[in-house]
Amino acid sequence: MSRADVLVDADWAEAHLDDPEIVFVEVDEDVSAYDGGHIRNAVRLDWTKELQQPEARDLIDRDAFSALMSDKGISNDHAVVLYGGNNNWFAAYAYWQFKYYGHENVQLLDGGRKKWELDGRELVKDVPSRDKTDYQAKEADPSIRAFRDEVVTSIGQKNLVDVRSPDEFSGKIKAPAHLPQEQSQRAGHIPSAINIPWSKAAADDGTFRSDDELAKLYGDQGFDDSRSTIAYCRIGERSSHTWFVLHELLGKQDVKNYDGSWAEYGSLVGVPIQKDV
Amino acid sequence: MCGAPDQDTLPALEVSAGEAVVHGCVVRDGEPLPGAYVRLLGESGDFTAEVQSSATGYFRFYAAGGDWTLRTLYRGGSVDTKVTAQHGQVVEAKVVVPA
């Protein structure tokens with residue numbers, strides 16, 4: 001797999017907006033952003049209401065993913081191009097979920113909404129009408145998703161990559177600095193985790209850094225290529241961004257996203273936590 | 001402040017002892033600039049958070065105390081603004097984008 005298989009740039013996207021084989025999908029942290037203007041012909045996925053279960057804290061199941069895709073007019077054969085705000089955090093989370101349910105052809109738009117806007121490219125308010133499909137999701141792929149028990153037994157054994165900001169990692173704050181400070185019961189990080197913030201993998205405009213820069217970034221921070229890897233953040237979106245970098249761009253083997261992340265781990269009873277402040 | 005508070009999207013402004021609030025507005029030609037990307041960078045230049053200025057140009061971060069740089073991206077360029085925050089306090093910053 002190469003970068004071109006998983007990533008498209010804005011020029012390419014702009015030239016393919018009317019391609020019937022491609023569905024552009026916007027996924028934002030602020031789910032109302034789509035209403036204010038979106039890429040022409042793009043449909044919206046609401047991560048809070050559509051990609052997660054309404055009650056239990058979990059991803060939607062296979063049948064629900066099939067029904068969701070069918071309702072959105074996405075077929076198993078469509079090429080899906082995901083993009084969103086927040087440097088593609090939530091688009092990367094959706095990308096990981098598409099892969100989790102076995103969608104073959106899915107890509108991220110490099111730079112997401114931010115670069116598109118900063119370039120001054122067209123945004124529209126028309127919501128496209130798409131015919132319903134009969135989407136069949138595949139069995140969930142456990143090789144890319146980590147749960148808490150595996151995380152605990154991986155301490156000191158696997159690369160645990162904490163992709164949050166340094167202040168969240170050290171335990172100074174519990175949530176990203178654009179959110180009120182709440183969430184987990186305890187602050188800090190999983191013992192033996194290395195702190196490689198997701199943001200180091202992206203330029204100011206949200207585009208991913210080059211493969212050479214990315215390889216150097218993780219190598220310099222103590223990433224061990226001989227070990228399996230689990231990435232985590234606070235609720236699993238930023239770590240999806242890093243999962244994308246490690247697994248999809250750099251092609252590293254056995255990389256999982258721990259979507260429970262610090263919101264779960266930092267509230268567990270009886271697990272070890274390291275705090276640096 | 002930068003015109004009407006953006007009450008649709010943000011909770012009322014409160015600051016607890018364990019955090020510092022950095023907020024303010026982005027202006028160009030004396031007018032609020034919506035849609036700018038404001039990045040909060042730490043003392044070593046490390047990225048900490050990013051928000052987009054609201055319809056009234058407003059932005060807000062819940063940060064730790066310390067010296068911060070607000071790097072504001074807009075169509076055509078970016079501008080850096082320095083700000084110092086202290087735990088338990090609210091600090092207001094004005095980002096002026098070149099006309």
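A polar contact is a pair of N or O atoms within 3.5 Å; within protein, one of them must be able to donate a hydrogen and the other to accept it, and residues adjacent in sequence count only if both atoms are side-chain atoms. Keep that in mind for the views below. This is a predicted model, where local features need pLDDT of at least 70 and side-chain atom pairs count only at pLDDT 80 or more, while totals for chains, interfaces and linings use all residues. Residues are numbered from 1 along each chain as its sequence is written, chains are lettered from A and ligands numbered from 1 in the order in which they are written, and side-chain values use heavy atoms, with hydrogens and water left out.

**View 1. Glu26(A) and its partner Arg113(A).** The side chains of Glu26(A) and Arg113(A) are joined by a polar contact of 2.7 Å. Glu26(A) sits in strand β2 of chain A, residues 22-27 (helices, H or I, of at least four residues and strands, E, of at least two are DSSP runs, numbered from the N terminus). Its relative accessible area is 1%, so Glu26(A) counts as buried (under 20% relative accessible area, with exposed over 50% and partly exposed in between, using a 1.4 Å probe and protein chains only). Beyond four places in sequence, Glu26(A) touches residues including Tyr34(A), His38(A), Leu45(A) and Tyr83(A); contact here means heavy atoms within 4.5 Å. As for Asp11(A), it is 15 residues from Glu26(A) in sequence and 17 Å away in space, C-alpha to C-alpha.

**View 2. Helix α3 of chain A, from end to end.** At the start of α3(A), a side-chain oxygen of Asp61(A) comes within 3.3 Å of the backbone nitrogen of Asp63(A). The helix covers residues 62-72, and its buried residues include Phe65(A), Leu68(A) and Met69(A). What do the buried residues of α3(A) pack against? They meet β3 (43-45) and α4 (89-100) of chain A. Just past the helix, Gly73(A) has a positive phi of about 80°.

**View 3. Lys256(A) in strand β9.** This lysine belongs to β9 of chain A, residues 255-257. Is Lys256(A) buried or exposed? Lys256(A) counts as buried because its relative accessibility is 13%. Leaving out neighbours within four places in sequence, Lys256(A) has contacts with, among them, Pro142(A), Glu150(A), Thr229(A) and Trp243(A).

**View 4. Where chain A meets chain B.** Here 22 residues of chain A are in contact with 23 residues of chain B. About 1900 Å² is buried between the two chains, and carbon and sulfur atoms give 55% of that (buried area is the accessible area, 1.4 Å probe, that two parts lose on being put together, summed over both). Leu118(A), Ala177(A) and Asp204(A) supply 29% of the area that chain A buries against chain B, more than any other three residues.

View 5. The side chains of Asp204(A) and Arg71(B) form a salt bridge at 3.2 Å, N to O (a side-chain nitrogen of Lys or Arg within 4 Å of a carboxyl oxygen of Asp or Glu). The rule finds four salt bridges across the interface of chain A and chain B. Seven residue pairs are in polar contact between the chains, both residues being at pLDDT 80 or more. On the side of chain A that touches chain B, α5 (112-118) and α7 (166-170) are the elements that give two or more residues. With four residues, α5(A) gives the most.
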